[in-house]
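Take a look at the model below. Then follow the text from helix to helix, and on to a pocket.

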Amino acid sequence: MPSAVSSSRGSSAALRFGRFAVMGTVAVLILIAGVWASWGTAQYVMLTKGREQGAVAVTSCGERTCTGAYTPVSPGSQPRAEVVLENNAAVAKGRTYTVVMKPGGVVAVRSGPAGILYAWVPLGGALMLASVVVAGGLLRTRPAWVMGLSGLALVTAAFLVV
């Protein structure tokens, strides 16, 4: 009988370790995906040295994009009759926004505090999603609350600033 009890304890420990490893991997992958999705835009907004900076007066908006005239602010930047901004809650027709131009010349990304917060919204969503995995799969409620509330704060701040 003692060997059956020790065998049961060993398999129980292996299952706990397996759950911890799998759920930890899932949580880390969710966070990596959030950073990856955010960095595509955030790199232009946060690392502006040497990039073209200016303002776009939005004149028209389609289903996915808005367009407008670009007025440069940084030295060496050229004015453009039309540049493209992503059409989202952060952009409206008839308004002027500070932007950073992506390399290649016609795509602009909103800059400033609103642009930075908006760029990191995917990470905020990933933090909220990963917090559920950390709480339920890893049974770590305090770190899960910190992650979830951090993600919620990031998304809420982006909503309020935009």
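This is a predicted model: local features need pLDDT of at least 70, side-chain atom pairs count only at pLDDT 80 or more; totals for chains, interfaces and linings use all residues.

Residues are numbered from 1 along each chain as its sequence is written, and side-chain values use heavy atoms, without hydrogens and water.

Start with helix α3 (residues 121-137) and helix α4 (residues 141-161). Helices here are DSSP runs of H or I with at least four residues, strands are runs of E with at least two, and both are numbered from the N terminus. The axes of α3 and α4 come within 8 Å and cross at roughly 160°. Axes are lines fitted to C-alpha atoms, for helices over the stretch in contact, and angles run from 0 to 180 degrees between N-to-C directions. That makes α3 roughly antiparallel to α4 (the term covers angles over 145 degrees). The contact of α3 with α4 holds 14 nonpolar, 6 polar and no charged residues. Nonpolar means Ala, Val, Leu, Ile, Met, Phe, Trp, Tyr, Cys and Pro; charged means Asp, Glu, Lys and Arg; the others, Gly among them, are polar.

Now turn to α2 and α4. They pack at about 145°, with axes 9 Å apart. Pro113, Ala114, Leu117 and Tyr118 in α2 meet Leu154, Ala157, Ala158 and Val161 in α4. This contact has 8 nonpolar, no polar and no charged residues.

What lines the largest pocket, by class? The lining has 14 nonpolar, 4 polar and 3 charged residues. Its largest share, 4 residues, comes from α2. α1 (2-46), β3 (80-86), β5 (108-110), α2 (112-119) and α3 each supply at least two.

Technical notes
Angles under 35 degrees count as roughly parallel, over 145 as roughly antiparallel, 65 to 115 as roughly perpendicular and the rest as oblique. Contact means heavy atoms within 4.5 Å.
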